[in-house]
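Please go through the structure below with the briefing that follows. The points are grouped by topic, and terms are given with their cut-offs.

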Amino acid sequence: MSGITRRTFLKSAGTVGALSLLGCTVAPSKGAKAKVVIIGGGYGGSTAAKYLKLFDPSLDVTLIEKRKTYYSCPGSNEVISGWHDLGWLVRSREGLTTRLGVNLVRAKVVEIDPQKRIVTLKDGSEIPYDRLVLSPGVDMRFDAIEGYDLKTSKLIPHAWKAGKQTTLLLNQLKAMRDGGVVIITAPAGPYRCPPGPYERASLIANYLKRSKPRSKVIIVDAKTQFSKQALFLKGWQDLYPGMVEWVSSEKVGQIDHINPSKLIVATEFNNFRASVLNVIPPQKAGWLARKTELADHSRWCPVDPRSFESTLIPNIHIIGDACIATPMPKSAFSANSQAKICAAAIVDLLNGRQPGPPSLINHCYSFLAPDYAISINGVYEYSVAERQLVATGGGETPMDADRGREAEFARSWRENITADTFEG
Amino acid sequence: MVQLKPDQSMIKMTILLLAVLSVATTVQAAEPAAPRPSVERLAHACAGCHGTHGHAIAPTPSIHGKPEEDFVKAMQDFKSGQRESSIMNRIARAYTNGDIDAMAQFFKKY
Ligand SMILES: Cc1cc2nc3c(=O)[nH]c(=O)nc-3n(C[C@H](O)[C@H](O)[C@H](O)COP(=O)(O)OP(=O)(O)OC[C@H]3O[C@@H](n4cnc5c(N)ncnc54)[C@H](O)[C@@H]3O)c2cc1C
């Protein structure tokens, strides 16, 4: 552990505690570099590490990530369509260390002690922090749909975390006979990437049209409307007539259960039999956030959107999919934007300044074909009256806009967000 | 006319009256102008598409090092719809003239 021993750290943490009783947030004692620890090296955590270093190169920034390889979810629907290999989704964080001096630690964090301000790794070692950032992403709720648990997900993919799950779905599609039916179940909000299930349906249809043209895709939706609905419906009509069917819960009711051996989705009023089944279950904040009691009854983490500091436990900030940043959707773009506001606020707080008002952007592209993309976006500010973020700009791709040009910009976005987030 | 010494409650009353009066015109005018986000907070959000400090990988244009007038003109034209962009028209309308000027200066530096 760089520099500070456990004892001196606890001593200085004690000082910080005493001083903050006086009502001011204080930097750690002179000489010692402030220590910021980030858990989760996905879109949120990696951006936070990078921008903390850009804003204050003297900070001691440690990024802890449990997985050896990070596969980007953005782009994973294109891999399922067969446009790229899985390896194309790998993101490297090397540049965060080599160019910016972030300490990268590969380990699972098993415990956070908010009183002592220490995180414990799986091997028992401890890392102290002045400020902690959590960007642990989502966990699937394997208790939400009868018949769909962790074990079943090894046979019936959710593919809502990229990697093995992506390959599983891809291989099942490849093995399917022509004339088969692919069923995707979409959850109610909030969940990771609101337009994601519909992009997936489009890109599976794209694969089927090329390889198995007598097949079709059915989306069984827990919702009665969805993100970019008019644009998707128009796209399906133009590109894949008769191949993509969206079934609203208004028509068939909610999903009652899944029969995994027969690949049947049973709703209140209907049964759907699949050749390939993709269940996207409801989700919740990543395990560590819930274990640390940073989540409320909604299973997501409430934060002050001016700093992304938890409203439940001080000195811990939560960004990305795990936090509640209404009305921002859970997306890689949102996580990237939130990380920058969080980093700026941490630098302010460590220097005894109150963080100023935030400004954020989200922009989600969806591909329907290689030369056809649409998007939805929002620009967000803090409303003092509503004590939450509000959208001050944004909207959907205009109906008459050039989808080919949006597709070019969507590809460009992916390269730019990768460089901006992972420094890779 | 007898000059009344303004006391706390009178000041409060006046403020209240002013507030009530201005609600009739616009609600916003009654409140002191809320501070705008700092230029750093505004500008780093653009990097999701335009790259860190405005250094983008094409075809998204780089926006660093531009003469301020060009930057401001582009943003104002996106905002008014004079220049058509299915992406930037939706984004530019969220920013004030002051925000745009400040971001022009910010990106000029990189
Ligand atoms: C199919 C699909 C398509 C998508 N497309 C888009 C898109 O086009 N645009 C877009 O903006 N968004 C898209 N998204 C959403 C995007 O993937 C997420 O919103 C984004 O990854 C959220 O970032 P995050 O940092 O919150 O979580 P993640 O990126 O999931 O990162 C969390 C990291 O934390 C690590 N971690 C968790 N717990 C621990 C622990 N205890 N110790 C150590 N490490 C830990 C995990 O291993 C993981 O690497 C898509 C998602 C899906 C599923």
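T185(A) is placed in strand β11 (residues 181-186) of chain A; helices (H or I, at least four residues) and strands (E, at least two) are DSSP runs, numbered from the N terminus. This is a predicted model, in which local features need pLDDT of at least 70 and side-chain atom pairs count only at pLDDT 80 or more, while totals for chains, interfaces and linings use all residues. Residues are numbered from 1 along each chain as its sequence is written, chains are lettered from A and ligands numbered from 1 in the order in which they are written, and side-chain values use heavy atoms, with hydrogens and water left out.

- T185(A) counts as buried because its relative accessibility is 0%; buried means under 20% relative accessible area, exposed over 50%, and partly exposed in between (1.4 Å probe, protein chains only).
- Leaving aside neighbours within four places in sequence, T185(A) is in contact with V220(A), I255(A), V265(A), L277(A), N278(A), V279(A) and I280(A), where contact means heavy atoms within 4.5 Å.
- S153(A) sits in the loop between β10 (138-140) and α5 (164-175) of chain A.
- With a relative accessible area of 2%, S153(A) is buried.
- Not counting residues up to four places away in sequence, S153(A) touches F142(A), Y148(A), H158(A), Q165(A) and L168(A).

**Domains of chain A**

- Chain A is divided into domain 1 (6-137 + 286-422) and domain 2 (142-279); the bounds come from an automatic or database domain assignment.
- The C-alpha centres of domain 1 and domain 2 of chain A are 30 Å apart.
- In the contact between these domains, 32 residues of domain 1 of chain A meet 36 residues of domain 2 of chain A.

**Nonpolar cores**

- A nonpolar core is a set of buried Ala, Val, Leu, Ile, Met, Phe, Trp, Tyr and Cys residues joined through side-chain atoms within 4.5 Å.
- The largest nonpolar core has 90 residues, and I112(A), V119(A) and W236(A) have the most contacts inside it.
- Helix α10 (residues 332-350) of chain A supplies the largest share of this core, seven residues.
- This core lies between domain 1 and domain 2 of chain A, because both give residues to it.
- I112(A) touches I39(A), I118(A), V119(A), Y129(A), L132(A), L134(A), L288(A), T292(A) and I316(A), not counting residues up to four places away in sequence.
- Another core, of 40 residues, lies apart from the largest one and includes A332(A), L42(B), C46(B) and C49(B).

**Second largest pocket**

- On a 1 Å grid over the protein atoms alone, a cavity is a set of points where a 1.4 Å probe fits but cannot get out, and a pocket is an open set with protein on both sides within 12 Å along at least five of seven lines; lining residues have an atom within 4 Å of a point.
- The second largest pocket holds about 740 Å³ of space; grid points are joined across faces, edges and corners, and a volume is the space filled by probe spheres set on the points.
- Its lining has 33 residues, with P61(B), F78(B), S85(B), I87(B) and M88(B) nearest the centre of the pocket.
- Two or more lining residues each come from β23 (359-369) and α11 (403-422) of chain A and from α4 (47-50), α5 (68-80), α6 (88-92) and α7 (97-108) of chain B.
- α5(B) gives the most to this lining, with four residues.
- By class, the lining of the second largest pocket has 22 nonpolar, five polar and six charged residues; Ala, Val, Leu, Ile, Met, Phe, Trp, Tyr, Cys and Pro count as nonpolar, Asp, Glu, Lys and Arg as charged, and the others, Gly among them, as polar.

**Backbone geometry**

- Most residues other than glycine have a negative phi, and most peptide bonds are trans.
- The peptide bond from T326(A) to P327(A) is cis, with omega near 0°, and P327(A) is in the loop between β22 (323-324) and α10 of chain A.
- A58(B) and P59(B) are joined by a cis peptide bond with omega about 5°; P59(B) lies in the loop between α4 and α5 of chain B.
- F308(A), in the loop between β19 (301-304) and β20 (309-310) of chain A, has a positive phi near 60° and is buried at a relative accessible area of 0%.
- R387(A) has a positive phi of about 50° in the loop between β24 (372-383) and β25 (388-396) of chain A, and counts as exposed at 68% relative accessibility.
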